[in-house]
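Please read the numbered points with the structure in view.

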Amino acid sequence: MADVRIGVVGATGAVGTVTLDLLAERGLESVRGFASARSAGRTVEFGNRELLVEEATPEALAAGDLDLVFFSVGTDASRENVPHAVGGGAVPGPNRRLPGDGGRGRVPASPFLARARATRPVLGR
């Protein structure tokens, strides 16, 4: 599991920092933090080191260098950015409900869904 490339969008916020703490506690190494243009360039704690926060642009999320992306941001930002991450081959968190679907749907069927289910142990939930 250590080779899974993980992104956390909203890394400077309350939920994002908790997500980073949980990932660091589980010994994951390949983790990147993303946030708005206003927060990009800051550093956040990640275990015994710091991560430089990148801007969560469509290009960065669609680059194809992430396997799993946690969206610790509001519905509008998730609705805008989830499709870019999925387009780049990432899965938006294990069984992440899609924003704007009224809570009815889950990640659409794709070759990456099996990988998403396999990542459930990452956070121990």
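1. The buried residues of helix α3 are covered by elements that include α2 (58-61) and strand β6. Those buried residues are Ser78, Asn81, Val82 and Ala85, where buried means under 20% relative accessible area, with a 1.4 Å probe and protein chains only. An α-helix has 3.6 residues a turn, so residues three or four places apart point the same way. Helices (H or I, at least four residues) and strands (E, at least two) are DSSP runs numbered from the N terminus.

2. This is a predicted model, in which local features require pLDDT of at least 70 and side-chain atom pairs count only at pLDDT 80 or more, whereas totals for chains, interfaces and linings use all residues. Residues are numbered from 1 along each chain as its sequence is written, and side-chain values use heavy atoms, with hydrogens and water left out.

3. Helix α3 (residues 75-87) contains 13 residues and spans 18 Å from its first C-alpha to its last, close to the 18 Å expected at 1.5 Å a residue; the expected span is 1.5 Å times one less than the number of residues. A kink of about 30° is found at Asn81, shortly before the proline Pro83. The bend at a residue is the angle between axes fitted to the seven residues ending there and the seven starting there. After α3 comes Gly89, with a positive phi near 100°.

4. Strand β6 (residues 68-71) is covered on both faces: Leu68 and Phe70 are buried on one side, Val69 and Phe71 on the other. In a regular strand the side chains alternate between the two faces of the sheet. Strand β1 (residues 6-9) runs parallel to β6 and is joined to it by 4 bridges; Ile6 has Leu68 as its bridge partner. Two strands pair if DSSP finds at least two bridges between them.

5. Overall, the protein has 4 helices and 6 strands, in the order β-α-β-β-β-β-α-β-α-α along the sequence. Of its 125 residues, 42% are buried.

6. The confidence values call for attention. The mean pLDDT (the predictor's confidence in each residue, from 0 to 100) is 80, and 73% of residues reach 70 or more. Confidence is highest in strand β5 (residues 54-55), at a mean of 98, and lowest in helix α4 (residues 113-118), at 42. Over residues 95-121 pLDDT stays under 50, and there the model has 38 contacts beyond four places in sequence, a contact being heavy atoms within 4.5 Å.

Methods:
Buried means under 20% relative accessible area, exposed over 50%, partly exposed in between (1.4 Å probe, protein chains only).
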